[in-house]
Amino acid sequence: MDTERVKVLLVDDDEDDYVLTRDWLAAAQGTTFDLDWVSSYDEAIETIAQCQHDIYLLDYRLGDRNGLELLQAAVAEGCAAPIILLTGKGDREIDIEAMKAGAADYLEKTQLSAPLLERSIRYALERQHTQQQIRAQAELLDVATDAIIVRSLDDKVLYWNKGAELLYGWQAQEAIGQNPNLLIYNESLVDQLLEIHSALKQTDTWQGELHQVTKNEKPIVVYSRWTLVRDRHAQPKSILVVNTDITEKKLLEAQFLRAQRLESIGTLASGIAHDLNNVLAPILMTAQLLESQMHDDRSQRLLPIVITNAKRGAALVKQVLSFARGLEGTYTNLQIKHLISEIRQIAKQTFPKSIEIQTNIASNLWSVSGDATQLHQVLMNLCVNARDAMPNGGVLTISAENFTADEHYARMNLEAKAGSYIVVTVRDTGQGMSLETQERIFEPFFTTKELGKGTGLGLSTVMGIVKGHNGFIQVWSELGRGTEFQVYLPAVAVVEYHRQTEQDTPYGNGELILVVDDEAGVREATKTSLETFNYKVVTASDGIEAIATYAEHRDRIDLILIDMLMPAMDGITTIRTIQKLNPQTKIIATSGLAAQDKFHGMTDVEVKAFLAKPYTAQELLQTIQQALCSQPSYC
């Protein structure tokens, strides 16, 4: 304040007091006081309302009115500058009333001197400045999005900012004076709170994650920082707590870790699928050929068993791969309501009568792009699981509605994207699942059913199909209260779906096929199947031999059937080399991996089709015919 100018208004009806006050302020060292003077109550009210002064000196006696009334009126009008009340003699009651009304100080004129007046003005201005700083800091604390709480040492709330109000739902007036342990903590956290207080005694600080609850009993997770505040004598005074809401972050972390785990399982499944399918393919094709050639009773009885079980093995591998990579299917625009109607009819006819089937479908339901058979499998799997969860009966509800996911929703769900969805909900009133079980239900071969009553592939297949349709699944379950699966599928325009019908087995016209596969069993079974249906076949066991064979017979070879995963030279490299020799060569790629992987790394090569192992003779012959018919001279 060394060069500060202070504007002072004196309200006093005695001109002599004005002159004396002017002389005292003029004698002040280091501060220039600009003194204005009014002598009446009404004039004072008018002048104070203009807010042009830094401080006001009010005489207690002002004719018919008094300075205390003027003080109260000025404060009521919003005067923020400090006000000092002056009186001719000391009166404790007036002193108390003045301080209650908001006076910065109360001075007796008979005791007044230049140093005392100057000191009183300085202190009043400094207190005002300090209070303004405190208010500004408090406003900043209220602007902060973090919850800021000050706790007393005996566990009472001393301060509760706006951030705390927003996070917990408790207003400041509700929280202050209360025990925060009863407001935002569960009884299960008592031991952790004891650990926190122990840490504060040792290091004055603690930080970590805390599970808390809001006023509405909603569970939240916060990252909490605790600091022990000490007074100027280094004695503990209070505890400052700053909490950041990380509930959404923890939810996304859990989703990410779950997705990572499922992806690892999927990678493992993909790794073994190719070998398993290479084992099953020759068994299936050889058994089918023998069935058509061996007509004795024993063969006709045993071969169907071999074929059926080979297909079952292939189906198991396909289910695992559907979880890991999704399934290839025929995608059309379809109405989910038709599938739900089919499922409802099947459930009513086959489920126990103790289970009530209910459906609830929105009248304006959008359509989806998908494979009808696969989505039928999704709903059937979910309904069968719901049936098994209600051995004593209950209610199975299937509903479908439109849903629009915004950007916020997409941020909360790793697998979701902003856009329009159809939500199909399958809910039961059965036994429910524990959190531990919910974490693993989509893993292949995980099941809670008794031995022989489930493979553990149903939900993994559901997950794979839904992901293959660019959708996602949410699960809610509680022990004793039932389970709810919500399947989200991207919505498109409404178009009715149709199913493909199986075609007749086509014969060849003596075309020469080059079969390339490192598995001898696959080569021989494929060769025999093709020759049975009027094709000529040459074979190669790897890419190098395939190139040499093609170079030798290139003018006669009509089509190449080649495995994508081979040692020495893989399928992609072999295809690139052959297409350099003849870009018009027709090629069908085969693999034991999933459909989504069929063209991985093949952006610069062209194949007519992809055939997933193990394939039936019917599938093999139809695919070859379609590839050959892409050139009119063959059909």
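How do the residues of the lining of the second largest cavity divide into nonpolar, polar and charged? In this predicted model, the lining comprises six nonpolar, two polar and one charged. The cavity itself has a volume of about 30 Å³. Its lining consists of Ile149, Arg151, Pro180, Ile184, Tyr185, Gln212, Trp226, Val241 and Asn243.

The cavity search returned two cavities of 30 Å³ or more. A probe the size of a water molecule, rolled over the atoms, shows where empty space is left. The largest cavity holds about 50 Å³ of space. Its lining is made up of Ile336, Leu375, Val378, Leu379, Val424, Val487 and Leu489. By class, this lining has seven nonpolar, no polar and no charged residues. The lining of the second largest cavity, by contrast, includes two polar residues and one charged. Helix H13 (372-388) and strand E19 (482-492) each supply at least two residues of the lining of the largest cavity. H13 gives the largest share, three residues.

A second open sheet was also examined. Five strands form it in the order E21-E20-E22-E23-E24, with parallel pairing. Strand E21 (536-540) and strand E24 (609-612) stand at the edges. Each has a single partner strand, so one side of each is left without a neighbour in the sheet. The twist here averages 20° from one strand to the next. Strand E20 (residues 512-516) and E21 run parallel and are joined by five bridges. In this pairing, Val516 stands opposite Ala540 in E21.

Helix H18 (residues 543-553) lies across E20, E21 and strand E22 (557-563). H18 runs at about 140° to E21. Helix H20 (residues 617-628) packs on the sheet and touches E20, E22, strand E23 (587-591) and E24. The direction of H20 makes about 130° with that of E22.

The average pLDDT is 80, and 82% of the residues score at least 70. Residues 451-456 have a pLDDT below 50. Beyond near neighbours in sequence, that stretch has nine contacts in the model. Residues 594-598 also have a pLDDT below 50. For this stretch the model shows twelve contacts beyond near neighbours in sequence. Where pLDDT is low, the predicted coordinates should not be read in detail.

Notes:
Residues numbered from 1 in each chain as written. Predicted model: local features only at pLDDT ≥ 70, side-chain atom pairs only at ≥ 80, totals over all residues. Heavy atoms only, no water. 1 Å grid on protein atoms, 1.4 Å probe; cavity = no way out; pocket = protein on both sides within 12 Å on 5 of 7 lines; lining within 4 Å. Points joined across faces, edges and corners; volume = space filled by probe spheres on them. Helix = DSSP H or I, 4+ residues; strand = E, 2+ residues; numbered from the N terminus. Nonpolar A, V, L, I, M, F, W, Y, C, P; charged D, E, K, R; others polar. pLDDT = per-residue confidence, 0-100. Contact = heavy atoms within 4.5 Å. Pairing = 2+ DSSP bridges. Axes fitted to C-alpha atoms, helices over the stretch in contact; angles between N-to-C directions.
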